[in-house]
Amino acid sequence: MEIKNGANSYLITSAAFIDKDRFVWYSTNRDGEFYRFDGNHKLRYSYFKDKAPHANSYYISHLSWAQDHIGNIWAAEPEYAYIISPDSMRVRRINYPTEKPGAETAIGIDGSQNVWVSNGSNYLIKIGPNGKTTKISHPILAQTKLTIAIIKVTTDQKILARAGDDLFVIDNNGFHFFANLKKLDKLLSPVFGIIENGEIFKKNSTGYYKHNTIPYRYTYIKSLNLHFFDYPGLDYSNYQRNYGNNNFLAIGSKLLTANGKNIYVNKIDTQKNEIVSTDTIRFKIPIAINAHKDYNNMVWISGYDELYKLMVTPSIFTRMLQLKDKKLSTRGITADARDNLYVGTYDGLYIVGPDKKVRKDLFLTDKPNDFYDCLLQEKDSPVLWAFFSGNKLRRIDLITHKSSVFDLRQYMDLNCLKEKSQNELWLGTNKGLFVFNKKNGGLKAYSNVNDPLAKLPVFDVLQSKLGTIPIATNIGLFFKKNNGSTTRYKTTNQPLNHASILTIHEDTDGNLWMGTFNNGVIFLNVGTGQIKTYNTINGLSNNIVCGILESKKALWFSTYYGLSRFDKQKAAFTLFYKEDGLPDNEFNLRSVYRKNDNSFYFGGLNGLVEFDPEKINHRPAHPHHIFLFSASYFSKEKNSNITKYLDIGKNVIELPYNKNYFSAKFSINELFYNEKSTFSYKIDGLTNGWIDVGTLGEIELFGLPYGSHVLQVKAKDAKGIETANEIRITIDVDQVFFQTFLFKAFVFLITIGMITSFFIWKSRKQKKIFERETEIIKLRTSALKAQMNPHFLFNILNNMQSVLILKGEREVNRYFAAFSKLLRLTLDMSKQDLVSLNDELDYIKSYLLLNNLQLNNELDYSVVVESSIGEFISYFFTGNAITTICRKCNYPWARYKKREKTEYQV
């Protein structure tokens, strides 16, 4: 990881520090500035609010690290210590005195959570849990005036400090003198290393060990449970500073030492008390190394401007056939009685002797580079059988080195080779199951033409303890029974019915374990018919299983990606990959062999691996954890968008309805293969299961609906193993204002009020309409009454009687016609608001006619319409408007008899 880039010119000024979560911290030459790195993200911590001054340090550290029980990171310098609170992003500083500014510092925390600092003085600085700083010295230090330095913090939280040849200890009894080193072991050199008991040397032992054949002294200190040892290349000038950098790292059977620009890799043989140099990693600049105490196979290397990470593979696996110029893909493995291991490859037949030396079989001089597959060593004779190039079966006498070749049928490929009897071999081929006669080389099909097994590809065959013969094919499992019949095993378990079975293993209880192509491992209890399927969902490394071996406590499955250990008792998988020491992740079919209880072999694309299954410890199924790096959202309290790091600080995040977005970044504490780790999340009720978000661990949520939502986040490491934990974040989104109860209640009341007001208004309007219509009816009735004046009617009727008596029938009919027309017009007009001028004139003429008849035709009248009016039928007036005027003019006719001619003009 590059530190110095175009954005800054900072330099690393300390060894990397790995905290309890396995994340990395480092400091730069900008004073009071620190960084936390989780594999994907860097987080900056600074003591200074504004610009920090550059320190005068220039690698390598005068700073030392520690972490207390509450998670605070301590970074100690000669004159002060910084206390970093990762979650709150707060950085504090405690000052203390020093006699040598710029000296190297060392720090340790005792069992009482007191922090102790050595800073080049003849006293130690003690910082209590309350932050109180005290200078702690000793009479010996006051007398000798020697500088005291912390050199070791043990696993049980004892702190060792050294002043010259005097050793001091800080434990539950406080700070006290322990021993003089010359009296402790006068043979030990003044510059020595310290290691936990049993990590390099035999436990509880004192003596000499050999480093590259040269003897060196080591001493066991019982009361401290530590080994002190001489080591070549140490010098006192950088002895103290390298304490903080852990220049000795014992990782399994390897010892790493950092000195200047080099890392020396050594192999440890604890039983022989030997250390042998095997490699040197060289750098162009001085470096320092460090590792987590519990996960020390990952080493962090710090230089001026870069951090490097180094994975130390464990030594539980022995890789074999590792050639420098090429990779050997193994196709078969077997061994003879003399402990020679035979390995068939695409490049010929290889032999690995008891001394682990590899050679090609020189007695196969005809075609030494031929393809060899399906190796079989006969049980009671030194004969090796192998399928090799050209569809041939080869018999090799391992004593006389004589061989003979048998031609198989054309286009026949061999999938498995098993011993059937003393004189016969099983041959599982792409054309079915065959039996080969060792003596005469005869080959015959095991099944007749009508047999369901005929011509099916056979990948494996097994002679079980029950006497039946399970046969693995590309369409499932077949059984050859004692009576000679062949049956296909059918069950309600669909994977078994259609599985392409590559290999079969019968365990110690007589159960069958079948490795399949893409269906994982299928378990079958032949007696009860119980079937179980184990695949990647259950923890298997890959669903293509090509080899099975059984140890006392476990079953081992080689796959197309990784080696899987299945614990019989716990029914749980442990996975192993290339980073665990395997030569390759992909294994091959038929490349599996069990020499004895302590020697298992699996072959693949790059040679083979040997291991003792009883020496491999069961590792936790979930070695990694997922962590929150940052969360960004709108804060209702601050009324702005905020970003919080490492810890949200609350159980529930509340979002307003119009700011309903949330984003977060996550990390996994698998920092070596972090680019292969994957993250996924789900929200019950919103997502359809888990959603993969890739390797960066960034989640963005927009438009979250109203309600309470629980965001669940998990991760998988490079091996596909899920993290031991899940992160759960509760997000409450406010209801949109028009969906709230108060708003709905308000709207309901307003609606009720409006509806009530509408009905009241409607009622009043209807009442007014009713009153107006009633008034209109009354007016019409009054108008009708006015038009049909009773006095006028009585006169008309009386006149009709007089006319009937005096004038005859003709005049009566005329009178009746005029009266009926007047009466009809009166009724019609009473129904209309407006009448035409034409109807009004007809009414006038009828009215005047009746009056004229009443006056014995003495009324001379005429109705004249001016020519400017035009078509007067289209003019409308209020009913009886003109008639009323005429009627008023007509009253004198009824009241007076005519004495002289009078003219009225209307």
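# Close-up views of a predicted chain

**Figure 1. Asparagine 212 in a loop between two strands.** Asparagine 212 is partly exposed, its relative accessible area being 32%. In this predicted model, the residue sits in the loop that runs between strand E18 (207-211) and strand E19 (214-221). Its phi is positive, at about 50 degrees, although asparagine 212 is not a glycine. Most residues other than glycine have a negative phi.

**Figure 2. Methionine 89, a residue with a positive phi.** The phi of methionine 89 is positive, about 65 degrees, and the residue is not a glycine. Which strands lie on either side of the loop that holds methionine 89? They are strand E7 (80-85) and strand E8 (90-95).

Figure 3. Glycine 108 belongs to strand E9, which spans residues 106-109. Is glycine 108 buried or exposed? Its relative accessibility is 2%, so glycine 108 counts as buried; the cut-off for buried is under 20%. Leaving aside residues up to four places away in sequence, glycine 108 touches Asn114, Val115, Trp116, Ile150, Val153 and Ile159. Tryptophan 74 is 34 residues from glycine 108 in sequence, and the C-alpha atoms of the two are 9.6 Å apart in space.

**Figure 4. A surface patch of positive charge.** Four residues gather in this patch on the surface: Arg319, Lys327, Lys578 and Lys676. Where in the chain is lysine 578 found? Lysine 578 is in the loop between strand E52 (572-576) and strand E53 (587-596). With a relative accessibility of 42%, lysine 578 counts as partly exposed.

**Figure 5. The whole chain, for orientation.** The chain has 906 residues, and buried residues make up 49% of them. It contains nine helices and 66 strands. Of the contacts between residues at least 6 apart in sequence, 50% join residues at least 24 apart. The accessible surface of the chain is about 46200 Å², and carbon and sulfur atoms account for 51% of that surface.

Key. Residues numbered from 1 in each chain as written. Predicted model: local features only at pLDDT ≥ 70, side-chain atom pairs only at ≥ 80, totals over all residues. Heavy atoms only, no water. Patch = residues over 30% accessible without salt bridge, like charges linked within 9 Å, V, L, I, M, F, W, Y side chains within 5 Å. Areas by Shrake-Rupley, 256 points an atom, 1.4 Å probe, with all protein chains shown as cover. Salt bridge = Lys/Arg side-chain N within 4 Å of Asp/Glu carboxyl O. Lys, Arg positive; Asp, Glu negative; His and termini not counted. Charge placed at Lys NZ, Arg CZ, Asp CG, Glu CD. Helix = DSSP H or I, 4+ residues; strand = E, 2+ residues; numbered from the N terminus. Buried < 20%, exposed > 50% of the residue type's maximum accessible area, 1.4 Å probe, protein only. Contact = heavy atoms within 4.5 Å.
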